[in-house]
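The points are grouped by topic.

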Amino acid sequence: MFNLPQSTFGRRSFLRFSALSVAAGSFLMNPISKAVAQAVKEIEPFYWNACVINCGQRCPQRCFVKGGQVIRVETDNTAGDACDHRQIRACLRGRALRQRLYSPDRLKYPMKRVGERGEGKFERITWDEAIKTVADNLKRTVEKYGNESLYWQYCSGQQSLVNSRRAWWRLLNLMGGYLKYYGSYSTAQIGAAMPYTYGGRPGSDMSEIANAKLYVTFGGNTLVTRGSGGGKGYQLECAKDKGHPKSIMIDPMYNDTVAAGMDQWIPIRPGTDAALVEAIAYELIKNNWVDQDFLDKYCVGYDEKTLPASAAKGSDYKSHILGKGKDGIAKTPEWAAKITGIPAETIVQLAKEMGTTKPCFVSQGWGPQRQANGEETARAIAMLPILLGQVGLPGTNPGDAEGNSSLPAVYLPIGKNPVKATIPVFMWTDAIVRGKDMTDITDGMRGVKKLDHDIKMIVNSGGNTMINQHSDSNATDKILRDTSKCEFIVVCDNMMTPTCRYADILLPDVLGPETDDIACQGGSNGGTTSMLPMHKAVEPQWDQKTSYEICRLIAKELGKEQEFTEGRTQLQWLEWCYNETRKKVPQLPDWDTFWKGGPAQVYGWRKNPVALSEFRADPVKNPLKTPSGKIEIYSERLNNIANTWKLKPGDVISPIPVYFRNWEMYGDDLQKKYPLQCYGFHHHGRIHSTFHNLPWLREQHPDVVFINVLDAKARGINNGDLVQIFNDRGIVELPAKVTSRIMPSVVSIPQGAWYTPVKKNGKVVDIGGNINTLTSLRPSPLAKGNPQHTNLVEVRKA
Amino acid sequence: MTQLGFFVDVSKCSGCKTCAVACKDAHNLPVGMNFRKVHEYAGGNWKQAANGS
C-alpha cells in the first residue's frame, strides 16, 4: 500500500518538478551564444523541416543556417496558443536536431562487412559496389529461395512521404514482393484482441475528457508518450482544465502524467490489470451499478440471456465474475488484492466511483497489453465502460486508447506485393530458424497454412528493431551471427546503431534537413492534423544518399529504373503525393503555396469526437463489424480459435476476457529465483531507440533502473549505485534510481537504450542498459506478439 | 520590451525538460553547462499488508 507524504502540499503536490528560471540577460551569454543569436537575427528565411521519428506525432522545425551548417533549431510559430488551432511545438527530441545531424555516429560512406557478422568491422566501398552487391543478393535470394525468403524488417524510424521505407517497399515489390508481417511492436496484443470485442478499435477524441466527470486510465502516460505540442498530451491538459473531471491513473509507476496533475494514483502489479477489472466488475454487479438495458440491447454474452447458442452453459461474463463459471472463483476485491497488490478497500472505492459517476471516460495506454497475457488485458479493460453503459455517449470512451484524427495522406505508391505469406511481426527470428515449420495454428501464420520457407535475406532501413527493439538481444545476436541461416543483411540508416553491426552492406542515408520531403501528422496525434514541408537546408556532409535515390540506383542495376521512377524525380514525387492528398483534403493550399509557405494545419477533420455514437443511437442501422453486429463480450470467433490452435502450456485464449497468470508473472514459481517484475517504459529522452546517442538528451534523462526504496534497502542499494539487473537471458548494468515512484517488487527500465554487450568476469553484460537484454522471445497467445513487459529479474550491486 | 525572466506554471510540468534542451540549442551549451535546470522532488512511503497488497 502506498502512503502519501504528510505535508502541506496536498495530494497533487506529491511530486513536482521545479523549474529554476533565470533571467535571460546578456550577462549569461557566452561569445558563441551571442554569435548564434546575432546570426539568427541576420538570416531570413529559415528552412522548414519536420521531426519524422515514430513517436506518433510530427512536429515542424525551423532550421537556421549559416555557412552551410544548421546553427539553431526553432519550432512552429504559425499559429496561436489555443487548445484547438495551436502551435505544433517540437519536444526536447525535435529541439535536439542539431545533435543528430552533427553526431559523430553518422554513417558517412557505403561500407561492407570485413569481420564476423555482428562484430562491427566495416570497410569503405564505392556506391557502385554497394548498389551492385545489394542488387545481386536480391536477385540471388529470390531465384534460389523465392520471394518468401526475402524479409522486410519492421522499421519505423523515418516516417515521411517519399524518402522513407516506402521507397524500399516499392523497390522490393518490383522484385516480385517479400515476406510480409502483420501487427506491430507497439500494439500487437490490443490490435489483435480489441476487434473481437468491437469489430475494430474505436476511440473517442481526447477532448471528450472535458465532458466526463471521471477519467480513469490504465497506463495512459500521455504526457510522455504523446508529449509534443501537436500531440494528445496537450489535449489532455486542455480537457482537464476545461471540464475538471476527477482523474485516476492505474500504473505500476507514479508516471510523469500523474506528476503533471492527476488526482489519484493506484499502483498495480504489471500484467494484473484484468484481475482489477474483474473485481471492479464484481462490485458493479453486486451493487447493481451495471447498465443491464445497455448490456441486453447492445452486447453479446454478458449473461445467459445473450449468450450465443454455441456457447457452453455458464460461459457468460457474469457467471465468470460471480464464481459460477468454470473456475468457480468469485472475483472479489479480496481475491484481486492478492494478485494486483491494490488494497481491497481501494478497489471497492474505485468501483463505487466508477459505478456512480457519469460520464465516465475509461482508456488504456499500450503498456498493459505488451504482456504475455496482453490480449486478455486489453479486452478486459474495455469491459468497464461496457458494463457501465459508458459507450457511444459524450464524455465516454470504449476503453481502448484515446482516438486520433488523420488526414488521408498519399505516400509514395509501393505497388503490389503478390506474396501471400504473412508472419506475426514478432516472429521473424523464428522464421529465420524454423520458418519451414511455421503454421497458422501454431504460429499465427496468415495468408498460407504453412510458411515452407526460412528467411534468407533481410532488408532493414531506418530501424533498430533487429537487435535492439526485438526481444532477447543475446539470443537474437546468436541467430543473426549465423550466416548459414540468414545469408545476407542490408542495413540503411543515418546512424551507426546496434542494428548496423549486423549488416553485410551498410548504406548511409541522409537526415532531416539534408533532403526535400513532406511529413503528414502521425498516427497518435490526437486532434491536430497537418501536412509539413521538409526543405533541404544543408548538403549531406559526407557521401550519403537519400533512400529514394539508393532504391532508384538498385532498381537501375536490376533494369527496373523506369518502373521505379515512372519518370519522376524525388521532388516531383513530393508534388504528386501532395496533389493526390489535396484531392482528398481540398482545404489544403495549392502546392506552390504549401511548398513555399510552411506547415498546413487542418482543423475539425474528425467530425464526430465520440466513438460509437452512431451505434449507440441505432445499433440495427449502424451495426459493429463483429459477426453479430454487437459488442461481443463473448466472442464465438475466439472460442473457435481457442479450440483449434495449438497453444503452449500456460497460454490462454478465452471467448470472454479473463485474468490469467502466464509465465514470468506475479505468483510464478520462478519468483523464488527472480523475485522482481521488470518492465520497460517510454521516457522523454528517446523515441524507442532513436535519439539515444545524443549527449544533450542523455544528460537530461540519464538511463537508470527505477527501484522501490524497500527493494533497494533489502539489497543494500543506494540511489545512484551501479547495479546489475539479470535473469537467465542476460545481465544489464545501470545506475539505480531508488524511488517511491515505483511499487515494491517491480523495477522498470526506460526502453530503447542501445545494446552494448561486453565481457565482464567471463559473462556478457549489457552496459548500454537495453531492457531487451532481459526480455523473452516467447510470443503472446493470440497475437503472437512481443510480451516485452513480462519479465522476472533480480537486482544486485555491480 | 526586455525579457526579464520566464513564467513557468510548475503545476503543469511533466518533467520533459524541453525547456532545458531548447536553452542548450539557443545558447550552444555543452553537456555539463545548463542555464535551465529542472529538478524532481518526490516523497511518500510504502507499507506491506499481510495479504501482499
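Rings of Phe, Tyr and Trp (its six-membered ring) pair if their centres lie within 6.5 Å. In this predicted model, ring pairs link A:Tyr151, A:Tyr154, A:Tyr181, A:Tyr185 and A:Phe426 into a cluster. Over all chains the count is 22 aromatic pairs.

**Aromatic pairs**
- A:Tyr185 and A:Phe426 form an edge-to-face pair, at 6.2 Å centre to centre and 75 degrees between the planes.
- A:Tyr185 lies in the loop between β9 and α6 of chain A and A:Phe426 in the loop between β16 and α16 of chain A, so the pair ties together parts that are 241 residues apart in sequence.
- A:Tyr185 counts as buried at 8% relative accessibility, and A:Phe426 counts as buried at 1%.
- A:Tyr578 and A:Trp591 form a tilted pair, with 5.7 Å centre to centre and 55 degrees between the planes.
- A:Tyr578 is in helix α22 of chain A and A:Trp591 in helix α23 of chain A, 13 residues apart; both residues are buried.

**Charges over rings**
- A:Arg124 lies over the face of A:Tyr109, at 3.6 Å from the ring centre.
- A:Arg226 lies over the face of A:Trp366, at 4.7 Å from the ring centre.

**Helix α15(A)**
- 15 of the 15 residues of α15(A) are buried, so the helix is largely enclosed by the rest of the structure.
- A:Gly389, with a positive phi near 65 degrees, follows α15(A).

**Strand β24(A)**
- 6 of the 6 residues of β24(A) are buried, so the strand is largely enclosed by the rest of the structure.
- β24(A) runs antiparallel to β31(A), joined by 2 bridges, and parallel to β28(A), joined by 5 bridges.
- A:Leu676 stands opposite A:Val793 in β31(A), while A:Tyr679 has A:Ser748 in β28(A) as its bridge partner.

Note on methods:
Residues numbered from 1 in each chain as written. Chains lettered and ligands numbered in written order. Predicted model: local features only at pLDDT ≥ 70, side-chain atom pairs only at ≥ 80, totals over all residues. Heavy atoms only, no water. Buried < 20%, exposed > 50% of the residue type's maximum accessible area, 1.4 Å probe, protein only. Helix = DSSP H or I, 4+ residues; strand = E, 2+ residues; numbered from the N terminus. Pairing = 2+ DSSP bridges. Phe/Tyr/Trp six-rings, centres within 6.5 Å; stacked < 30°, edge-to-face > 60°. Lys NZ or Arg CZ within 6 Å of the ring centre and 35° of its normal.
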